[in-house]
Amino acid sequence: TKPEHVTFGTVPVEIRELTLALGGMQAGSVAEGATEVDLAALQGITTPCRSVHLDGFGMAFALVCPDAEGRENLLYAQQGTILRIPTPLVSRSQVSLSDDGVRVAAILDDEGGPALHVMDVQAVKDLAIKGLEEPRDPVLAGSGLTVACSCIVENERHVVVIDLATGATQVVSQGLDDVNVGAISANGRRVAFKASHRGWDDFYLADLDRQLRYNISDSEGDTVAVDLSQDGDTVAFVQRFGGAMGIFTADISSRKVANRSGVLGSVVDVIVSASGRRHAFLLGGLSPHIEVWDTKGKKETLVSSVAEGCWEPAMSSDGMFVAALCANGSQDASLLRLFPLPEPE
């Protein structure tokens, strides 16, 4: 699709650097080499949990679990320690993790209302981004230096990208409705998102450096899910066509879309590795499971089919691990499982 030149707008924000108080936040621990975490056994939380994210190498994770009062809390694990952020999240908001596992983004329910926070555990800093109206569903760049989210701008919901070093913002969804952020490249310069235009839902890619916006799916089917490689060159997305679903990749440099596979049934989510070579799909139905495929040129190879009965998949950016939330007896989404994947051929 021919890209559209767009002059991206701005919205004023203030980034306040606070101290992240880690004392009393420990909720549990993870044994070295463990591939399962019993979330129901962690201190101060209940299940089911949701919104799992892995770092670049399967060494750290973040997810959302309710506490005893039903408020949703952010859990963050690195180097064997699981921390519970005491300030509750805005209900049903997503969380996101940088590739090095050091920074995590979330919408916290501050005293003044919902606020976007990017917490740096290594530097013990909490970057509170003020000035966004009703922020939702942050997506943190792999570098941890840029974050995207949706918020209200001039009475309409838009996708906003924020440079955490300078506070500069870009509003990339002018002229579009019903926006939902999907993914952001590692350097924060390309953003994939879902939006509606004149009644049609499509997947879009915004190139911040070139001030270009691509319509990736071009209203060919019902939009389901989208993800972006870390280099920002490959978009993976899922569309529904009647009772069938198609899994596609779009090469931004060549402006070509490839139909990778078709499924009679339900594909709920899609995840792409940093290089764009590996894709993981969550297939629903009577036996939900995760399939991981390796793409090399036009060749498609099934790498692994894992986690039957598990949901909420996440894949490390290096494409070597998949995590999922699974049932533990009668408790749904109470067990976090990590599945190592074989090396690419």
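Tutor: Let's begin with a definition: a residue is buried if its relative accessible area is under 20%, exposed if over 50%, and partly exposed in between (1.4 Å probe, protein chains only). The model is predicted, so local features need pLDDT of at least 70 and side-chain atom pairs count only at pLDDT 80 or more, while totals for chains, interfaces and linings use all residues. Residues are numbered from 1 along each chain as its sequence is written, and side-chain values use heavy atoms, with hydrogens and water left out.

Student: Why does Gly232 count as buried?

Tutor: Its relative accessibility is 0%, and buried means under 20%, so Gly232 counts as buried.

Student: Where does Gly232 lie, and which residues does it touch?

Tutor: Gly232 is in the loop between β21 (222–228) and β22. Strands are DSSP runs of E with at least two residues, and helices are runs of H or I with at least four; both are numbered from the N terminus. Not counting residues up to four places away in sequence, Gly232 touches Ser185, Arg190, Leu205 and Ile252. A contact here is a pair of heavy atoms within 4.5 Å.

Student: How many helices and strands are there in the protein chain?

Tutor: The protein chain has zero helices and 31 strands.

Student: Why is the pair of Phe193 and Tyr204 called stacked?

Tutor: The ring centres of Phe193 and Tyr204 are 5.7 Å apart and the planes are at 20 degrees, so the pair is stacked. Phe193 lies in strand β18 (residues 190–197) and Tyr204 in strand β19 (residues 200–207), so the pair ties together parts that are 11 residues apart in sequence. Phe193 is buried at 0% relative accessible area, and Tyr204 counts as buried at 6% relative accessibility.

Student: And why is the pair of Phe203 and Phe237 called tilted?

Tutor: The centres of Phe203 and Phe237 are 5.7 Å apart, but the planes are at 55 degrees, so this pair is tilted. Phe203 sits in strand β19 and Phe237 in strand β22 (residues 234–241), so the pair ties together parts 34 residues apart in sequence. Phe203 counts as buried at 1% relative accessibility, and so does Phe237 at 1%. Ring pairs also link Phe203, Phe237, Phe241 and Phe248 into a cluster.

Student: What makes a group of residues a nonpolar core?

Tutor: A nonpolar core is a set of buried Ala, Val, Leu, Ile, Met, Phe, Trp, Tyr and Cys residues joined through side-chain atoms within 4.5 Å. The largest core has 19 residues, of which Leu39, Phe61, Leu63, Leu325 and Leu336 touch the most other members. At least two residues of this core come from each of β5 (50–54), β6 (60–66), β7 (72–78), β30 (321–328) and β31 (331–340). A second, separate core has 18 residues, including Ala148, Leu176, Ala206 and Leu208.

Student: How do you know that strand β27 pairs with β26 and β28?

Tutor: Two strands pair if DSSP finds at least two bridges between them. Six bridges join β26 (residues 278–283) to β27, and the two run antiparallel. Seven bridges join β27 to β28 (residues 299–306), again antiparallel. Leu282 stands opposite Ile290 in β27, while Val292 has Ser304 in β28 as its bridge partner. Strand β27 (residues 289–296) is mostly covered, with six of its eight residues buried.

Student: What makes β2 and β9 edge strands?

Tutor: Five strands form an open antiparallel sheet in the order β2-β12-β11-β10-β9. Strands β2 (14–19) and β9 (96–97) each pair on one side only, as edge strands.

Student: How do you know that the radius of gyration agrees with a compact globule?

Tutor: The radius of gyration is taken over C-alpha atoms, and the globule rule is 2.2 Å times the number of residues to the power 0.38. With 345 residues, a compact globule would have a value near 20 Å; the protein chain has 19 Å, which agrees.

Methods: Phe/Tyr/Trp six-rings, centres within 6.5 Å; stacked < 30°, edge-to-face > 60°.
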